[in-house]
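Me: I'd like to learn how to read the features of a model like this one. Could you take me through it, beginning with a helix?

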Amino acid sequence: MNPLIVSLSKSQLFQGVTISELEQISKNTTISITKFKSEEIIRSCDEEANSMFLILEGLVKGMMEDIEGHVYQVEEFSPSELTAPANLFSEEEYFPVSLIAKTDCQLIEIDKSTLLTMFRISGRMEENFLRILSNKVLFLANKLWENQFYSISQKIYQLVYKVYKERNESVFDMDATHEELAQRFGVSRPSFSRALIKINREGIIKCSAKCVEILSREALADKIYQMN
């Protein structure tokens, strides 16, 4: 079987699409893989948003700069995910964020006409795309809520609790540096550092470099409960 078809079948966009439909898509569209090196710019926010990317391998980050020149990470995209799918049918002409390769990665670029051809071949693909857009709206709504109502300390607690629930470990390394986390939270590096000092003094978790140690699981769970 074509390796590209195998890769497509693993993605969110092609979930549930039959092999026969994938073969038709491969024959009736031009699909090519583009490779990017770590920290290479994939698309700048001032470029036209006439296509989206499907990530086959690696990680991609969406970066935004505010009017004061502060740069922060809006979102991180993992394998099988789509970057900025809503912009493909938007009246806006440009990408809202800059897309940068966080690691070496492989991407497939899909423009509007190609996507519509895919929809004509597979109705399931169209359903998948609409589901992805709906989930993206919910993600952005939650992101807005966090930025509006959560302090930096609360964001850190939320992130630590999320990783703890995923790994079920009391000691673990975060997958990002303090600089990257500050960008993800949309705050300055000094503000993030001050929040870490405050958290360490509270004695619920201990953060040192990328290592996190949960000193009291019960107190952490109670902290998260009080936020919700």
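Reply: Gladly! In H5, the residues Ser153, Lys155, Ile156, Tyr157, Leu159, Val160, Val163 and Tyr164 are buried, where buried means under 20% relative accessible area, exposed over 50% and partly exposed in between (1.4 Å probe, protein chains only). This is a predicted model, in which local features need pLDDT of at least 70, side-chain atom pairs count only at pLDDT 80 or more, and totals for chains, interfaces and linings use all residues. Residues are numbered from 1 along each chain as its sequence is written, and side-chain values use heavy atoms, with hydrogens and water left out.

Me: Why do residues three or four places apart in an α-helix point the same way?

Reply: An α-helix has 3.6 residues a turn, so such residues point the same way. Helices (H or I, at least four residues) and strands (E, at least two) are DSSP runs, numbered from the N terminus.

Me: What span does H5 reach from its first C-alpha to its last?

Reply: H5 (residues 152–167) reaches 23 Å with its 16 residues, close to the 22 Å expected at 1.5 Å a residue; the expected span is 1.5 Å times one less than the number of residues. Asparagine 168 follows H5 with a positive phi, near 55 degrees.

Me: And the sheet: in what order do its strands come?

Reply: Strands pair if DSSP finds at least two bridges between them. Here 4 strands form an open, antiparallel sheet in the order E2-E7-E4-E5. Strands E2 (41–43) and E5 (71–77) stand at the edges, each with a single partner strand, so one side of each is left without a neighbour in the sheet.
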